Amino acid sequence: MDKILTLNGIIETDGSRITAIEEKPIHKFFVNAGIYVLSPQVFEYIPKDQFYDMPTLFEELIKDDLKTISFPIHEYWLDIGRMSDFEQAQTEYGEIF
């Protein structure tokens with residue numbers, strides 16, 4: 001059975017036969033928001049003088065069965081890492097706050 005995402009929804013198929021459809025589904029996820037509190041020991045995992053991102057660090061910590069925890073944020077959050085996102089935040093600020 002295959003699942004195919006369309007602009008309007010998700011269809012499940014068996015070959016070419018549609019077996020189910022979910023119109024405009026809403027999916028909620030916790031995302032990596034980019035605020036971190038790290039124990040000093042964690043810095044030993046980070047190699048010197050090379051690119052090393054936070055997802056890779058957390059993958060290593062989890063693999064080594066070290067304690068990693070999250071703090072869910074339910075309030076408005078927008079990553080402003082791109083200029084278009086920053087501009088969106090400028091526009092939405094007055095509406096939301």
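# A chat about loops, rings and a pocket

Colleague: Where does Asp 49 lie?

Modeller: Asp 49 sits in the loop between β3 and α1. Keep in mind that this is a predicted model.

Colleague: OK. Is Asp 49 buried or exposed?

Modeller: Asp 49 is exposed, because its relative accessibility is 85% and the exposed class covers values over 50%.

Colleague: And what's up with the phi of Asp 49?

Modeller: The phi is positive, at about 55 degrees, although Asp 49 is not a glycine. Asp 65 has a positive phi as well, of about 60 degrees, and Asp 65 is not a glycine either.

Colleague: Where is Asp 65, then?

Modeller: Look in the loop between α1 and α2. Asp 65 has a relative accessible area of 70%, so Asp 65 counts as exposed.

Colleague: Let's switch to the strands. How do β2 and β3 pair?

Modeller: They run antiparallel, and the pairing of β2, residues 9-14, with β3 goes over six bridges.

Colleague: Which residue is the bridge partner of Thr 13?

Modeller: That's Ile 18 in β3. Asp 14, for its part, stands opposite Arg 17 in β3.

Colleague: How many residues are between the strands in that hairpin?

Modeller: There are two residues between β2 and β3, and Gly 15 in this hairpin takes a positive phi near 70 degrees.

Colleague: What classes of residue make up the lining of the largest pocket?

Modeller: The lining has 18 nonpolar residues, along with five polar and three charged ones.

Colleague: You named Ile 35. Where is Ile 35 found?

Modeller: Ile 35 is in the loop between β3 and α1. With 60% relative accessibility, Ile 35 counts as exposed.

Colleague: How about the aromatics? How many aromatic pairs are there?

Modeller: The count is three aromatic pairs. Tyr 36 and Phe 58 make a tilted one, with 5.8 Å from centre to centre and 35 degrees between the planes.

Colleague: Which parts does that pair tie together?

Modeller: Tyr 36 lies in the loop between β3 (17-23) and α1 (54-63), while Phe 58 is in helix α1, so the pair links parts that are 22 residues apart in sequence.

Colleague: How accessible are those two residues?

Modeller: Tyr 36 is partly exposed at 30% relative accessibility. Phe 58 is partly exposed too, with a relative accessible area of 22%.

Colleague: Got it. What kind of pair do Tyr 76 and Phe 97 form?

Modeller: Tyr 76 and Phe 97 are edge-to-face, with centres 5.9 Å apart and 80 degrees between the planes. Tyr 76 is in the loop between α1 and α2 (83-96) and Phe 97 in the segment after α2, so this pair ties together parts that are 21 residues apart in sequence.

Colleague: What about accessibility for Tyr 76 and Phe 97?

Modeller: Tyr 76 counts as partly exposed, at 34% relative accessibility. Phe 97 is at 62% relative accessibility and counts as exposed.

Colleague: Which residues are in one aromatic cluster?

Modeller: That cluster is formed by Tyr 76, Tyr 93 and Phe 97.

Colleague: What separates the C-alpha atoms of Ile 35 and Phe 97?

Modeller: Their C-alpha atoms are separated by 21 Å, and the two residues are 62 residues apart along the chain.

Colleague: Now helix α2. Is Asp 85 buried or exposed?

Modeller: Asp 85, which is found in helix α2, has 10% relative accessibility and counts as buried, because buried means under 20%.

Colleague: Which residues is Asp 85 in contact with, beyond its neighbours within four places in sequence?

Modeller: Asp 85 touches Leu 78, Asp 79 and Ile 80.

Colleague: Last one: where is Thr 56 found?

Modeller: Thr 56 is in helix α1. Its relative accessible area is 27%, so Thr 56 is partly exposed. From C-alpha to C-alpha, Thr 56 and Ser 84 are 26 Å apart in space, and they are 28 residues apart in sequence.

Definitions and conventions: Residues are numbered from 1 along each chain as its sequence is written. This is a predicted model: local features need pLDDT of at least 70, side-chain atom pairs count only at pLDDT 80 or more; totals for chains, interfaces and linings use all residues. Side-chain values use heavy atoms; hydrogens and water are left out. On a 1 Å grid over the protein atoms alone, a cavity is a set of points where a 1.4 Å probe fits but cannot get out, and a pocket is an open set with protein on both sides within 12 Å along at least five of seven lines; lining residues have an atom within 4 Å of a point. Ala, Val, Leu, Ile, Met, Phe, Trp, Tyr, Cys and Pro count as nonpolar, Asp, Glu, Lys and Arg as charged, and the others, Gly among them, as polar. Rings of Phe, Tyr and Trp (its six-membered ring) pair if their centres lie within 6.5 Å; planes under 30 degrees apart count as stacked, over 60 as edge-to-face and the rest as tilted. Helices (H or I, at least four residues) and strands (E, at least two) are DSSP runs, numbered from the N terminus. Buried means under 20% relative accessible area, exposed over 50%, partly exposed in between (1.4 Å probe, protein chains only). Contact means heavy atoms within 4.5 Å. Two strands pair if DSSP finds at least two bridges between them.
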